[in-house]
Amino acid sequence: MGRSWLGHTTASGEMFDPDRLTGAHPSLPLPSFVYVTNRANKRTILIRVNDRAPATDGRVIVVSEVAARLLDFHNAGHAVVDLQYAGPASPKPNTTHEAAFLTRQPWFHPDLL
């Protein structure tokens, strides 16, 4: 989900921001955390699922612009990914868990943001 959705209200009641590590899923509890791994390059990030998206065209999740960039499929628009549920997220959003996980990844560099 990109800039055109900036400021729209998500299904969990949060404001969408394409620069936050968030995603939309058809059935995971809201809000929750999920690990998303790009199968092509093995990059994994932790995102907050805070919105709904239909499972169409075989897609299992829609991620924010920054998440797609970090997983390195921003230009392609989609990728084959694996999901692993990481548990419920706090009702009040903050980026502590997502950022802490991201900075521990060996491939991560701040210039990617």
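Student: Where is the place of Glu14?

Tutor: This is a predicted model. In it, Glu14 sits in the segment before strand E1, which spans 22-24.

Student: Is Glu14 buried or exposed?

Tutor: Glu14 has a relative accessible area of 7%. The cut-off for buried is under 20%, so Glu14 counts as buried.

Student: Which side chains does the Glu14 side chain join in a polar contact?

Tutor: The side chain of Ser12 is joined to that of Glu14 by a polar contact of 3.3 Å. A polar contact of 2.8 Å links the side chains of Glu14 and Arg48.

Student: And leaving aside neighbours within four places in sequence, what is Glu14 in contact with?

Tutor: With those neighbours set aside, the contacts of Glu14 are His8, Thr9, Arg20, Pro31, Arg48, Asn50, Pro91 and Pro93.

Student: Arg48 came up there. Which residue has Arg48 as its bridge partner in E3?

Tutor: That residue is Phe33. Strand E2 (residues 32-38) and strand E3 (residues 44-51) run antiparallel and are joined by 6 bridges.

Student: In what order do the strands form the sheet?

Tutor: The sheet is open and has 5 strands, in the order E4-E1-E3-E2-E5, with mixed pairing. Strands E4 (62-63) and E5 (81-88) stand at the edges; each has a single partner strand, so one side of each lacks a neighbour in the sheet.

Student: What lies across E2 and E3?

Tutor: Helix H2, residues 96-103, lies across E2 and E3 and runs at about 160° to E3.

Student: Let us turn to the whole chain. How many helices and strands are there, and how do the elements run from the N terminus on?

Tutor: The secondary structure comprises 2 helices and 5 strands. From the N terminus, the elements follow the pattern β-β-β-β-α-β-α.

Student: What is the radius of gyration of the protein, against that of a compact globule?

Tutor: The protein has 13 Å, which agrees with the value near 13 Å for a compact globule with 113 residues. Along the principal axes, the C-alpha atoms fill a box of roughly 35 × 30 × 25 Å.

Student: What percentage of the residues is buried?

Tutor: Buried residues account for 42% of the 113. The accessible surface is about 6300 Å², and 55% of that surface belongs to carbon and sulfur atoms.

Student: Last topic: among contacts with a separation of 6 or more, what share comes from residues 24 or more positions apart?

Tutor: Such residues account for 68% of those contacts.

Note on methods
Residues are numbered from 1 along each chain as its sequence is written. This is a predicted model: local features need pLDDT of at least 70, side-chain atom pairs count only at pLDDT 80 or more; totals for chains, interfaces and linings use all residues. Side-chain values use heavy atoms; hydrogens and water are left out. Two strands pair if DSSP finds at least two bridges between them. Helices (H or I, at least four residues) and strands (E, at least two) are DSSP runs, numbered from the N terminus. Contact means heavy atoms within 4.5 Å. Axes are lines fitted to C-alpha atoms, for helices over the stretch in contact, and angles run from 0 to 180 degrees between N-to-C directions. Buried means under 20% relative accessible area, exposed over 50%, partly exposed in between (1.4 Å probe, protein chains only). A polar contact is a pair of N or O atoms within 3.5 Å; within protein, one must be able to donate a hydrogen and the other to accept it, and residues adjacent in sequence count only if both atoms are side-chain atoms. The radius of gyration is taken over C-alpha atoms; the globule rule is 2.2 Å times the number of residues to the power 0.38. Accessible areas come from the Shrake-Rupley method with a 1.4 Å probe; for residues, only the protein chains shown count as cover.
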